Amino acid sequence: MAKRVHRPREDAEFNFILGMSAVPVLAYFTGTWPKAIEPCRVMDLVVRDIADDCTGRLTVVRTDITRCPAATERYGITGAPSYVLLKRGEAVAHGTGPMTIAEVRKFLDGHL
């Protein structure tokens with residue numbers, strides 16, 4: 001069974017997942033500083049549900065900002081939680097802050 005949500009430990013692994021995905025990628029950026037912990041925990045549940053709903057149509061990558069600094073910089077991430085929807089490695093949508101499942105679906109709408 002494939003992973004529902006990938007969790008790269010470093011930028012090289014993040015890039016590998018991006019390169020191997022034949023479908024769009026939702027890169028979900030998280031943080032471990034005090035103000036980011038609770039919103040990111042809430043979003044972990046939402047993102048996991050989205051990964052379940054979009055199996056085969058979307059690759060979901062939970063990206064820790066401190067573990068993947070090059071990816072964080074490349075996509076202009078300045079806070080957590082943040083989201084980047086990628087098609088063939090190119091960003092097609094950006095989002096920040098906590099979102100409901102409905103808001104994430106709307107964020108993905110038209111891209112899958």
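**Strands and salt bridges**

Guide: In this predicted model, strand E4 (residues 82-87) is mostly covered, with five of its six residues buried.

Visitor: Which strand do five bridges join to E4?

Guide: That is strand E2 (residues 25-30), and the two run antiparallel. Within that pairing, leucine 26 stands opposite leucine 85 in E4.

Visitor: And how many bridges join E4 to E5?

Guide: Six, with E4 and strand E5 (residues 90-96) running antiparallel. Tyrosine 83 stands opposite glycine 95 in E5.

Visitor: What about the hairpin of E4 and E5?

Guide: There are two residues between the strands, and arginine 88 takes a positive phi near 55 degrees.

Visitor: Changing topic. How many salt bridges does a search of the whole structure find?

Guide: Five. One of them joins aspartate 44 and arginine 62, at 2.8 Å from N to O. This pair links distant parts of the chain: aspartate 44 is in helix H2 (residues 34-53) and arginine 62 is in strand E3 (residues 59-64), 18 residues apart.

Visitor: Is arginine 62 buried or exposed?

Guide: Arginine 62 counts as buried because its relative accessibility is 18% and the cut-off is under 20%.

Visitor: Which residue does aspartate 53 meet in a salt bridge?

Guide: Arginine 105, at 2.3 Å from N to O. Aspartate 53 lies in helix H2 and arginine 105 in helix H4 (residues 101-108), so the pair ties together parts 52 residues apart in sequence. Aspartate 53 is partly exposed at 40% relative accessible area, and arginine 105 is partly exposed at 43%.

Methods
Residues numbered from 1 in each chain as written. Predicted model: local features only at pLDDT ≥ 70, side-chain atom pairs only at ≥ 80, totals over all residues. Heavy atoms only, no water. Buried < 20%, exposed > 50% of the residue type's maximum accessible area, 1.4 Å probe, protein only. Helix = DSSP H or I, 4+ residues; strand = E, 2+ residues; numbered from the N terminus. Pairing = 2+ DSSP bridges. Salt bridge = Lys/Arg side-chain N within 4 Å of Asp/Glu carboxyl O.
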